[in-house]
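Please work through the following exercises with the structure at hand. Each task is followed by a stepwise solution.

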Amino acid sequence: MPDTATAAPAQTPTVIRREDYTAPDYAIDSLALAFDLEPGATRVKSRLAVAPAHEQGSAADVRPLKLDGEALKLVSIALDGQPLAEGRDYRVDDSGLTVTAPPQGSFTLEIETEIDPKGNSELSGLYLSNGIFCTQCEAEGFRRITYFPDRPDVLTRYHVTIRGPKDSCPVLLSNGNLAETGELSDGRHYAVWDDPFPKPSYLFALVAGDLACHEEGFTTHSGREVALRIYVEHGKESRTGWAMDSLKRAMRWDETRFGLEYDLDLFNIVAVSDFNMGAMENKSLNVFNDKYILADPDTATDGDYAGIESVVAHEYFHNWTGNRVTCRDWFQLSLKEGLTVFRDQEFSSDVRSRPVERIQTVRALRARQFPEDAGPLAHPVRPDSYIEINNFYTPTVYEKGAEVIRMLHSLLGEDGFQKGMRLYIERHDGQAATCDDFVAAMADANDVDLEQFKRWYSQAGTPEVEVTGAYDGDSGTYEMTVRQTCPPTPGQPEKQPLQIPFAVGLLDAQGQDIPLALEGEDSGATSATKVLELRESEQRFRFPGVPEPRALSYNRGFSAPVNLKSEQSAEELAFLMAQDSDPFARWEAGQRYALRLLLQAVETLQAGGVPEFDTAFIDAFREILRDPQLDKAFAAEALTLPGESYIGEQMQPLDVDAIHRAREALRRRLAETLTDDLQEVYTVNTVTEAYSPEGEQAAQRALRNTALSYLSALAPEEGAALERLVDHYHAADNMTDRMAPLRLLADIGGEAAEATLQDFHDRYRDNDLVMDKWLALQAVSARPDTLERVKALEEHPVFSLSRPNKVRALIGTFVQANPLRYHAADGSGYRFHADRVLTLDGINSQIAARLLTPLGRWARMGEERQRLMKAELERILSAPDLSRDVYEIASKSLEG
Ligand code: B3K
Ligand code: ZN
């Protein structure tokens, strides 16, 4: 009988499953690599010391040796000095090379391959960025350099020789210590690098080019002298000061807060202009996107400075959480990413304003992770399967992963958490570990049971928490009922209750916190904020001996990444907005109040009416504007309304036009009613000192530019408002103050806007990073002709589809940050989007797949837009030669 099992269609790529993990068959004890650099044909010789990882009682126990390889030209292969024959000794296919019958015991394998860095538009493996050789190996780029077991649980010592032309590549770098340099014939030279720490292939790096260097030193806690070097393209070295300072602060902070010290005598950073993401933590040779290194007051905003500080710190922190202890397999990605994001957030909170950092983190989480968790691409923090791992460097793995770590921190306290960290590192230093290993270390060090907590790693979706409360005047007891549910997500129809640290407070009529202890707790446990431990779908908590509260404040500090379902009255929200002692909850009350008004306004507009807004809300805004005690950076956050995308997340079907009009109406109403206060704030917060990117003056700029934004809502009808924008732009002596009015002008349009945009262009035409800003602020414009403009800008000499920063700035901004114009009713936004994804897929599939995700939000839209969006997804899926990356996102998006 013929075999009737249906084979998967030729185009369907393989699904990799977590449950199929098996340990490697072979260990690689050491790896010697020698590169002969040529842009179009680089030769890579490798020598692998291979040892079986399993007991080999007899020859029958010997397993084939499978090496990954992609886009490689095999030149030669020899085993213990003997050339191997294809077919007889090994076979090669699209995904790698298998030595079919290796000898028993250890052996040496020598392989020579040829690769084409110049033709590598995927920017994965070895490629050229503006003439500089550089590598990106995470997750699976090393296999594009040579044949190797390219998986994170194979840790090896690397010995790397780089040979290249002296004139175009005076700088030759790899991981570890520089062992030797020397001259060769024909104008070439070489360098040899030795990395004493065994590492997985994804942490390998090589850089060669003509680079400028900014060098400083750092003395570690125990007295090690470390040379810190930041390499950039010539002409950019004057913009590396802030990154260098940030690096030193991060190194010191990791010593004081986590007791973790740097472990080599050299730490290199190289910044390049073409990079698929922000940066990469390769051992002692971090490679960065220019955007996260280069800054000066004239070209970088306060936000850019903050971003550099946090990314430099993040990559540095990976040295312990990622490199010294790495991941067993890619399903464990959040083991290093969630933990390292938590660490960089804590660093920023310690060196900046903790409440403002928390607010910004939550804003970003809601803008990116919550929608992901509620859409077709929802997946657990530790995914169960993937087609292309690069699609899983997601807000869920990173940002929700960090929230999971933060909850552990809340449950265990700083001391308990640090005890857990010490045990984790003691147990797993030099190993490839799992998320379970991490939780086990936390549990063992603190002698607690975290079994239920582990569901945070396996269950997708944003939980919903509902709180109801009742006060019993007779007994003076407040009783709180807390319910948790979690909506179904793809592949997970049913959810189990999670262990949730849920911080609450009760406020009395004067706005003071009522000291709280749970029934049965002794009075020593009394505190203003009580962290309730939720474990069941419904739980009751009783607080005896309390006066009747005026308002209930919950999820203080955003203690858990959940959606709150509870209804609070407008009065209660206004009260919390003015009084809550927890700054996050105070900000949150304002956001909830604003959201409620905006959603009501949307309904009014849809019914053809004119929206009205509570005066209580406007009064609360006035109080914030007039409060001299308030931290100005906090005030700026509190005065910023929820964004259009976040408002859209709360309604179905999503009406982009009504949302935009409602938000504009509220902005205008606030500006009209509070004009004098806004003008006062605008005037008194003028910064006169020399520029510094942080502290009080950055807070002043944030507040002043927020006031400017409201006042601009009065333009273009009021000429003065328009003039103020133009004047603000021309008076600016820093990029923050230049960008703020320009962004507003780009929305307003007209002659003044055009002239100012042109001025900006002419002033910065030679600065690549600033031109990205120029592209982005046109792509995000609310003007009706924005799509036409985006298409015209694609013709501008600065734009190129093969440069990720340009694609993100122009196309990425349009499809991800401009819901109003992206969701144009005629489907033109979707068509443009799908066209570009398809073209890009042939250039850089990682970038193409990343760009694609907004089409997956179709289920939130009205019927006609749903149809249009799905048609584009189908068009993408039916295209020939689709990459695994785009196939996975498009097919999952269509399933809804
Ligand atoms: N680990 C890198 C990200 C790699 C992305 C590969 N597609 C940067 C970071 O998270 O620190
Ligand atoms: Zn990271």
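The model is predicted: local features need pLDDT of at least 70, side-chain atom pairs count only at pLDDT 80 or more, and totals for chains, interfaces and linings use all residues. Residues are numbered from 1 along each chain as its sequence is written, ligands are numbered from 1 in the order in which they are written, and side-chain values use heavy atoms, without hydrogens and water.

**Exercise 1.** Determine the strand order of the open sheet of five strands and the helix that packs on it.

*Solution.* 
Step 1. Helices (H or I, at least four residues) and strands (E, at least two) are DSSP runs, numbered from the N terminus; two strands pair if DSSP finds at least two bridges between them.
Step 2. The order is β17-β18-β19-β21-β20, and the pairing is mixed. At the edges are β17 (211-219) and β20 (279-280), each pairing on one side only.
Step 3. β19 (residues 266-272) and β21 (residues 285-289) run parallel and are joined by five bridges; V270 has V287 in β21 as its bridge partner.
Step 4. Helix α2 (residues 302-317) touches β19, β20 and β21 (contact: heavy atoms within 4.5 Å). The direction of α2 makes about 150° with that of β21, with axes fitted to C-alpha atoms, for helices over the stretch in contact, and angles running from 0 to 180 degrees between N-to-C directions.

**Exercise 2.** Identify the protein donors of the zinc ion (ligand 2).

*Solution.* 
Step 1. Donors are N, O and S atoms within 2.8 Å of the metal (3.2 Å for Na, K and Ca); water is not among the atoms, so sites may look incomplete.
Step 2. H314 (NE2), H318 (NE2) and E337 (OE) qualify, at 1.9 to 2.1 Å from the ion. Their spacing in sequence is H-x3-H-x18-E.
Step 3. H314 in helix α2 and E337 in helix α3 (residues 333-351) are 23 residues apart and link distant parts of the chain.

**Exercise 3.** Is D274 buried or exposed, and which residues does it touch?

*Solution.* 
Step 1. Buried means under 20% relative accessible area, exposed over 50%, partly exposed in between (1.4 Å probe, protein chains only).
Step 2. D274, in the loop between β19 and β20, counts as buried because its relative accessibility is 10%.
Step 3. Not counting residues up to four places away in sequence, D274 touches L123, Y127, S129, N130, R803 and P804.

**Exercise 4.** State the helix and strand content of residues 98-203 and of residues 571-895.

*Solution.* 
Step 1. Residues 98-203 are 0% helix and 51% strand.
Step 2. Residues 571-895 are 71% helix and 0% strand.
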